[in-house]
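This briefing walks through one protein model for a reader who has not seen it before. Please look at the structure first, then read the points below.

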Amino acid sequence: VQDICSADARWEALKTMGEKRQAVAEYQTKRVKAEKEEAKQKAKKHREAFLRMLAEHTDIDARTRWRQAQEMLKDDARFKNVEESREREDLFQEFIAELEKKEREDRHKHKERALLIVNDIFNRMREPVNQASGNNGGTATVHAQSTWGEHRDTLLSLLQRPDLRALDDGDIKRAFLDFVQKLQEEAKQEEKRKREQWQRDVDDSERQLLAWLVTSAQAGLFVKKPSSATPANTSSSNNSSSSS
């Protein structure tokens with residue numbers, strides 16, 4: 001540093017060699033930190049450009065292998081700017097992992113929408129009015145005692161619908177069994193409600209009868225009638241018979 005800077009008049013701004021050495025050391029420390037930050041930002045930009053390159057390449061999907069990707073991308077400057085081969089592969093694998101995650105999320109959303117449609121179909125199948133009007137294509141109504149075997153062929157044919165292609169045989173079967181279980185629970189709840197209503201009706205009737213009995217008794221409606229054949233009458237009758 002002394003050889004480089006001693007010809008500059010500013011070199012003499014600090015008088016002692018110790019001050020100059022300290023100033024050089026402080027400068028170098030700051031410069032090293034700045035260069036590291038610059039390199040970090042540069043590497044970040046190169047990584048971001050590398051990922052954009054992958055996203056722009058329409059031939060790359062979740063099933064693409066690294067060896068295939070290298071052949072596709074080796075002449076792109078954004079590929080070369082990431083100098084370490086291992087870092088390139090790591091970035092590629094991260095990108096593929098994100099693609100797979102996105103595909104799983106999309107499949108899940110499509111399946112959820114399809115299951116909502118299927119449950120709507122099941123609800124229409126359980127309605128007698130729809131069966132009578134022919135809206136369910138003659139399919140037997142689904143009820144709490146329905147079995148998968150009774151409806152299997154009809155329900156699996158739904159998989160041909162474009163809006164239900166996210167589902168498979170197992171999805172349809174599970175949705176059907178869940179729906180039937182729901183109907184069974186509803187039937188149990190309805191039976192419980194009827195029993196409770198019947199008990200309330202009985203209790204109300206008993207209370208009304210008791211209230212009527214009490215009111216009637218207070219009104220004297222239950223006064224005991226005297227017997228028509230009293231002992232006195234019987235005695236008089238016997239005396240008359242003896243006289244005659």
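In this predicted model, the side chains of Lys188 and Glu185 form a salt bridge, with an N to O distance of 4.0 Å. The two residues are 3 apart in helix α8, so about one helical turn separates them. Lys188 is exposed, at a relative accessible area of 53%, whereas Glu185 is partly exposed at 39%.

**Other salt bridges**

- Salt bridges with shared partners link Arg31, Glu35 and Glu38 into one network.
- Glu35 and Arg31 are separated by about one helical turn, because they lie 4 residues apart in helix α2.
- Glu35 is partly exposed, with 41% relative accessibility, and Arg31 is partly exposed, with 34%.
- Arg47 and Glu87 also pair through their side chains in a salt bridge, at 3.5 Å from N to O.
- Arg47 belongs to helix α2 and Glu87 to helix α5, so this pair ties together parts that are 40 residues apart in sequence.
- Arg47 has a relative accessible area of 29% and is therefore partly exposed; Glu87, at 27%, is partly exposed as well.
- Over the whole structure, a search finds 22 salt bridges.

**Helix α3 and its two faces**

- The buried residues in α3 are Trp66, Ala69 and Leu73.
- These three cover an arc of only 55° around the axis, so they sit on the same side of α3.
- Arg67 and Glu71 are exposed residues on the face of α3 turned away from the buried side.
- The cover over the buried residues of α3 includes α2, α4 (77-81) and α5 (85-125).

- Thr64 lies in the loop that runs between α2 (17-56) and α3 (66-73).
- Is Thr64 buried or exposed? Its relative accessibility is 7%, so Thr64 counts as buried.
- The side chain of Thr64 reaches the backbone nitrogen of Asp61 at a distance of 2.9 Å.
- Apart from neighbours within four places in sequence, Thr64 contacts Asp59, Ala69, Met72, Phe92 and Ile96.

- Leu14 is placed in the loop between α1 (2-5) and α2.
- With a relative accessible area of 33%, Leu14 is partly exposed.
- Leu14 touches Glu19, Lys20 and Ala23, when residues up to four places away in sequence are not counted.

**A nonpolar surface patch**

- Leu209, Trp212 and Leu213 make a nonpolar surface patch of about 310 Å².
- One of these residues, Leu213, is found in helix α8, which spans residues 169-218.
- Leu213 is partly exposed, at 35% relative accessibility.

**The protein as a whole**

- The protein has 9 helices and 0 strands, and its pattern along the sequence reads α-α-α-α-α-α-α-α-α.
- The protein has 244 residues, of which 20% count as buried.
- The protein exposes about 18,600 Å², and carbon and sulfur atoms supply 51% of that area.
- Among contacts between residues at least 6 apart in sequence, 56% join residues at least 24 apart.

Notes:
Residues are numbered from 1 along each chain as its sequence is written. This is a predicted model: local features need pLDDT of at least 70, side-chain atom pairs count only at pLDDT 80 or more; totals for chains, interfaces and linings use all residues. Side-chain values use heavy atoms; hydrogens and water are left out. Buried means under 20% relative accessible area, exposed over 50%, partly exposed in between (1.4 Å probe, protein chains only). A polar contact is a pair of N or O atoms within 3.5 Å; within protein, one must be able to donate a hydrogen and the other to accept it, and residues adjacent in sequence count only if both atoms are side-chain atoms. Contact means heavy atoms within 4.5 Å. Patches are made of residues with over 30% relative accessible area and no salt bridge: like charges are joined within 9 Å, nonpolar side chains (Val, Leu, Ile, Met, Phe, Trp, Tyr) within 5 Å. Accessible areas come from the Shrake-Rupley method with a 1.4 Å probe; for residues, only the protein chains shown count as cover. The arc is that of the directions from the helix axis to the C-beta atoms.
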